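Hi,

Here is the structure I promised to pass on.

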Amino acid sequence: MPTAKEPITDVAIVEDNAALGAGLRKIVESAEDFRCLGVWTSAEEALKKIDAFRPQVVLMDINLPGMSGIEATARIKHHLPEIQVIMVTVYRDHDQIFAALKAGASGYLLKRSTPEEVRQAVRDVRSGGAPMSAEIARRVVEAFHQPVKSTEAAAVKLSKRETEILELLTKGLANKEIADRLDISVETVRVHLRRVYEKLHVHSRTEAAMKFRDSKEDFRGNL
């Protein structure tokens, strides 16, 4: 019997550099399971088009003319939270990384990422992951060694299992990967994450990961 085709993922690109935008379009269109809805050169244009076209994934530049990609991401996630945004940028500093993630981005790639890394990032984010290039992931890990105290976090009580799941979530693992790593079911992971969201007063994986990152030492102190 013939195998079922992969569902099509609609992707939009926000990039003001014409050559880079064309390159990303080519990468997206080279995958049979992707469809490029457009390449838009400003955040202002992108917000209008995204609202009309409703892509499932957006590849977003940070340094755009006018409104920044970070602000555009925050607006997209506020009005259309189901859309997944992956930042594709030359920036590698902690502040830009975490500002983008706090705005609601689900992943972060460098512009020099290979075509396969970009395609895999889109697939990962569609399956619940939080893709990052190796260099960006390393910088995130480095930032964990610079804890920021939070008085709000001091009152949060996380179990050992909840903390383990949050640790893996911040590494970009999808629910199934977390379940496999901890030898538990995917449904158990979902249950723990729902409890974590309630305790941290957040509504998404990214918010939970960022709050955990900012107050990691406080959470550990509650175990």
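Strand 3 and strand 4 (residues 84–89) run parallel and are joined by four bridges. Strand 1 (residues 9–14) is also parallel to strand 3, again with four bridges, and there Leu 59 is the bridge partner of Ile 13. Strands count as paired if DSSP finds at least two bridges between them.

Before I go on: this is a predicted model, where local features need pLDDT of at least 70 and side-chain atom pairs count only at pLDDT 80 or more, while totals for chains, interfaces and linings use all residues. Residues are numbered from 1 along each chain as its sequence is written, and side-chain values use heavy atoms, with hydrogens and water left out.

Back to strand 3 (residues 57–60): Val 57 and Leu 59 point one way, Val 58 and Met 60 the other, and all are buried. Buried here means under 20% relative accessible area, with exposed being over 50% and partly exposed in between (1.4 Å probe, protein chains only). By that cut-off, 49% of the protein's 223 residues are buried.

In total there are twelve helices and five strands. These are DSSP runs numbered from the N terminus: H or I with at least four residues for helices, E with at least two for strands.

Helix 8 (residues 160–170) is mostly covered, with eight of its eleven residues buried. Among them are Glu 162 and Glu 167, along with Ile 165 and Leu 166. After helix 8 comes Gly 172, which has a positive phi near 90°.

How do helix 9 (residues 175–182) and helix 10 (residues 186–200) cross, and at roughly what angle? Their axes (lines fitted to C-alpha atoms over the stretch in contact, with angles from 0 to 180 degrees between N-to-C directions) come within 8 Å and cross at roughly 105°. Helix 9 and helix 10 are therefore roughly perpendicular, a label for angles of 65 to 115 degrees. Asn 175, Lys 176, Ile 178 and Ala 179 of helix 9 meet Val 186, Val 189, Arg 190 and Leu 193 of helix 10, where contact means heavy atoms within 4.5 Å.

Cheers

Technical notes
Angles under 35 degrees count as roughly parallel, over 145 as roughly antiparallel, 65 to 115 as roughly perpendicular and the rest as oblique.
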